[in-house]
Amino acid sequence: MSTYPYQDRFEINRRLPEAGRSHHEILGELEVMAKEEDAFWETGKCSGTMYCGDHDHYHFLNKAFGMFAHVNSLQRDMCPSSTKFEAEVIAMTLDLLHAEAVQGSTPAGLVTTGGTGSIAHAMLAYRDHANQERGVTRPNVIKPETAHPAFDKACHLFGIELRRAPVDPESTLVDVDWVDENIDDQTVAIIGSACNYGYGTVDPIDRLSDVALRHGVGLHVDSCLGGFILPFGQELGYDIPVFDYRLPGVTSMSADTHKYGYALKGTSVLTFRDQALRNSQYFFLTDWSGGKYCSPGMEGSRSGGLLAATWASMVHLGREGYRNHARRIFETAEVMQGAVRSHPELQLRGKPTFLFSFTSDVFDVYHVNDFMRLRGWRLNGQQYPNALHMAVTRPQTQAGVADAFTVDLADAVEYARAHKDEAPKSGAIYGGVAGGMTDEADSFIKAVMADMMDGYQQVPGEE
Ligand SMILES: *Cc1c(COP(=O)(O)O)cnc(C)c1O
């Protein structure tokens, strides 16, 4: 039995239709899917992913997008506006990350397709720069275990050895001494997260900065998640350590406009302390029969619409708008973390920010997840140890959501106590992938994941 989406209601397109359909009919079909899918997160019970959740804001961004959606920003002679949007998005991001503190080099940036794109371009830049400047031929990078899988992916793609530094089991922060001891003459960069995706904790970037300077290696700060919210948390007086260009060893930072930048999906900003590092991965082909070619990053054609919408989001909100959104998100996160702390059966992981994760040493915390799901919550599952994570976004700041969390969590703890001798129904989830890893299960789990991904892009066979 196929469970192909909407198969009972809408025709499956296995071939390009001979005759096209009307705008009206197509838009009607799309609207049904969009409305139903939005209802899933509009409740505020879905962790992360819908960072803004405000349809008026989306409508505004879509208008900005629509004016330039058909524009290829690679062809700048035809779209000087793309230069204005991209340059200003980068300048505003550098400003937020305190690039005014940089001395002796010119800060620069790239707008990429997302956090993974920013991290990949950063790793490519470090590899190529270290090769050009230091003759490094067997590059390695050191990341905290808690840093995002995008680093593993980038290293896999670019032939860089990835060394995983352990984190302290209590604080969840990287073991800086381990990083220090494992740097060698082929190390091109070390990594810290501000904050990490799993626990919302901020690595000791100040100490990593000292280590990076002492060894003469790069330091990438992954603030994909925190880049557009933690600076405002600092302004609001929350206890968030300095993690940006004010620390002299920080050489690049990623900040996702498509997360707490409240822009459309498909953009992120990668910034550099020194434009020479960025430029080391510029691509040129000067002797191609099709003409002279160059591109600043991995993409070829890019949408002018995404640049326009990202720019529009930033200049519409301004510091004040971002600060107000941050204030309500931090307040909501505090209420939710208070609810977790009120149960002695639950423990928060480390010292979280707007995003928190909790575990239990009384029962498998996935029992809590099983129950929270019944109440409509979508928390993210983690492993080693089993934990549940909630990234607080604007949909959670709606009236009543934090209170509902408090009530539902209390009931979930009771449920978990009652069912603690049974196996929970849910497991560790990232991007919809289920499974608790053991070495033996690894290849089986990979096969299941591959099947799942195949299913994401396949129409079902005909009856
Ligand atoms: C989301 C995220 C990434 C990856 O970003 P994508 O936009 O999903 O490609 C990297 N690091 C952190 C900390 C993130 O939260």
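Biologist: Where does His98 lie?

Modeller: His98 lies in the loop between α3 and β1 (108-112). Keep in mind that this is a predicted model.

Biologist: What is the phi of His98?

Modeller: The general idea comes first. Most residues other than glycine have a negative phi, and most peptide bonds are trans. In this structure, His98 has a positive phi, near 65 degrees, and is a residue other than glycine. His98 counts as partly exposed, at 22% relative accessibility. Thr49 is another non-glycine residue with a positive phi, near 55 degrees. Thr49 sits in the loop between α1 (23-42) and α2 (55-68), and with a relative accessible area of 32% Thr49 is partly exposed.

Biologist: Which residue just after α11 takes a positive phi?

Modeller: That is Gly376, with a phi of about 90 degrees. Helix α11 itself, residues 366-374, is mostly covered, with 7 of its 9 residues buried. Among them are Tyr366, Val368, Phe371 and Met372.

Biologist: Now to peptide bonds. Which residues does a cis peptide bond with omega of about -5 degrees join?

Modeller: Most peptide bonds are trans, as I said. Here, Ala194 and Cys195 are joined by a cis bond with that omega of about -5 degrees. Cys195 belongs to the loop between β4 (187-193) and α7 (205-215). The bond from Tyr384 to Pro385 is cis too, with omega near 0 degrees. Pro385 is placed in the loop between β12 (380-382) and β13 (387-391).

Biologist: How many disulfides does the structure hold?

Modeller: A disulfide is a covalent bond between the sulfur atoms of two cysteines. The structure holds 0 disulfides. For Cys52, the nearest cysteine sulfur is that of Cys46, 14 Å away. For Cys224, the nearest is that of Cys195, 10 Å away.

Biologist: Is Cys52 buried or exposed?

Modeller: Cys52 is buried, with a relative accessible area of 5%. Cys224 is buried as well, at 6%. Buried means under 20%.

Biologist: Which residues form the negative surface patch?

Modeller: Asp168, Glu170, Asp175 and Glu181 form that patch. Glu181 is part of helix α6 (residues 176-182), and Glu181 is exposed, with a relative accessible area of 64%.

Biologist: Let us finish with a helix. Where is Ala87?

Modeller: Ala87 is in helix α3 (residues 80-96), and Ala87 is partly exposed at 41% relative accessible area. Its C-alpha atom is separated by 8.4 Å from that of Gly109, 22 residues apart along the chain.

Key. Residues numbered from 1 in each chain as written. Predicted model: local features only at pLDDT ≥ 70, side-chain atom pairs only at ≥ 80, totals over all residues. Heavy atoms only, no water. Patch = residues over 30% accessible without salt bridge, like charges linked within 9 Å, V, L, I, M, F, W, Y side chains within 5 Å. Areas by Shrake-Rupley, 256 points an atom, 1.4 Å probe, with all protein chains shown as cover. Salt bridge = Lys/Arg side-chain N within 4 Å of Asp/Glu carboxyl O. Lys, Arg positive; Asp, Glu negative; His and termini not counted. Charge placed at Lys NZ, Arg CZ, Asp CG, Glu CD. Helix = DSSP H or I, 4+ residues; strand = E, 2+ residues; numbered from the N terminus. Buried < 20%, exposed > 50% of the residue type's maximum accessible area, 1.4 Å probe, protein only. Disulfide = S-S within 2.5 Å.
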